[in-house]
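Good morning, and thank you for making time for this item.

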Amino acid sequence: GSLATTGLYLCILSFLYVVVPIPKFAGDELVIKLDTARFTETVLRTPHPDDKSAPIYIVALVADWCESCTHIAPIFCSLAAQYTSRRRKFIAVDVGHNPNVARRFQINTTFTTKQLPTFILFFHGQEKRRLPYFGDDLKIVKTKFTRDSLESFLLLNKPVKEAVFHLRQIDERKKAATPSRQDDTNELSFFSNEDAPANKVD
């Protein structure tokens with residue numbers, strides 16, 4: 001009787017532990033883990049221009065062997081817990097297991113990389129801004145990630161409608177730029193002062 005009941009209880013607990021893993025951090029369950037195919041179908045899909053409900057995607061490119069990625073994970077999860085909505089989604093892609101994503105976005109995945117983690121804001125299937133970013137010399141600008149810097153630079157501190165308007169203003173500045181600057185690799189040159197990351201590491 002009691003022994004059989006205890007055994008059944010332990011079996012159920014073991015099943016739940018294996019099938020329903022406990023989130024590592026608060027908000028972890030809100031971070032959507034995608035492989036290359038689902039990332040392409042979801043984040044890189046271009047919605048209809050008149051689609052007023054298209055979400056902003058906040059994407060973390062990480063690797064399971066990356067110590068820096070592990071350190072920043074609680075912050076990213078806490079941001080997901082606070083800001084996830086119908087129009088703002090948080091995504092994680094392990095570029096170690098999805099090298100096509102790394103290549104597409106020029107992410108160095110060697111053990112000496114300064115690009116992991118990389119955080120990219122996507123809207124309407126296009127990359128709009130990233131941290132760390134490329135400097136004028138085409139080299140990665142080393143950045144110290146904090147909750148405040150991610151919150152500000154990824155426009156999480158703005159309502160979605162205001163963030164979308166802000167992104168479209170930047171697009172207009174790019175279109176108005178001279179042809180030689182329209183493909184400027186230093187995206188910060190089009191941003192207002194409030195957009196500049198405050199945690200650049202010299």
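Phe39 and Phe105 are both buried in this predicted model. Their rings form an edge-to-face aromatic pair, with 6.0 Å from centre to centre and 90° between the planes. Phe39 belongs to helix 2, residues 36-42, whereas Phe105 lies in the loop between helix 4 and strand 4, so that the pair links parts of the chain 66 residues apart.

Phe105 has a second aromatic partner, Phe122, again edge-to-face, at 5.4 Å between centres and 80° between planes. Because Phe105 sits in the loop between helix 4 and strand 4 and Phe122 in strand 4 itself, this pair ties together parts that are 17 residues apart in sequence.

The structure holds 7 aromatic pairs. One aromatic cluster is formed by Phe76, Phe90, Phe119 and Phe145. Phe90 touches, beyond its neighbours up to four places away in sequence, a set of residues including Leu30, Ile58, Phe76, Leu79, Tyr83 and Leu156.

In soluble globular proteins, nonpolar side chains tend to be buried together. Here the largest nonpolar core has 50 residues, and those with the most contacts inside it are Phe39, Val43, Ile56, Val59, Phe90, Val93 and Phe122. Among the elements that each supply at least two residues of this core are strand 2 (56-62), helix 3 (67-83), strand 3 (88-94) and helix 6 (160-176).

Let me place this in the overall fold. The protein has 6 helices and 5 strands, and along the sequence they follow the pattern α-β-α-β-α-β-α-β-β-α-α. Of its 202 residues, 42% count as buried. Among contacts between residues at least 6 apart in sequence, 71% join residues at least 24 apart. The accessible surface comes to about 11900 Å², with 56% of it belonging to carbon and sulfur atoms.

I turn now to charge. Side chains of opposite charge can pair when their charged atoms come close. How many salt bridges are there? The count comes to 6.

One of them joins Asp28 and Lys33, whose closest N and O atoms are 3.2 Å apart. Asp28 is buried, at 17% relative accessible area, while Lys33 is partly exposed, at 45%.

Glu151 is buried, with a relative accessible area of 14%, and Arg147 is partly exposed, with 26%.

Glu172 and Lys175 form a further salt bridge, with 3.9 Å between the closest N and O atoms. Being 3 residues apart in helix 6, they too are separated by about one helical turn. Glu172 is partly exposed at 47%, and Lys175, at 60%, counts as exposed.

A charge also meets a ring: the charged end of Arg129 sits over Phe153, 4.8 Å from the ring centre.

Finally, Asn157 is found in the loop between helix 5 and helix 6, and it counts as partly exposed at 46% relative accessibility. Leaving aside its neighbours within four places in sequence, Asn157 is in contact with Glu151 and Ser152.

How values were computed
Residues numbered from 1 in each chain as written. Predicted model: local features only at pLDDT ≥ 70, side-chain atom pairs only at ≥ 80, totals over all residues. Heavy atoms only, no water. Helix = DSSP H or I, 4+ residues; strand = E, 2+ residues; numbered from the N terminus. Buried < 20%, exposed > 50% of the residue type's maximum accessible area, 1.4 Å probe, protein only. Contact = heavy atoms within 4.5 Å. Areas by Shrake-Rupley, 256 points an atom, 1.4 Å probe, with all protein chains shown as cover. Core = buried A, V, L, I, M, F, W, Y, C linked by side-chain atoms within 4.5 Å. Phe/Tyr/Trp six-rings, centres within 6.5 Å; stacked < 30°, edge-to-face > 60°. Lys NZ or Arg CZ within 6 Å of the ring centre and 35° of its normal. Salt bridge = Lys/Arg side-chain N within 4 Å of Asp/Glu carboxyl O.
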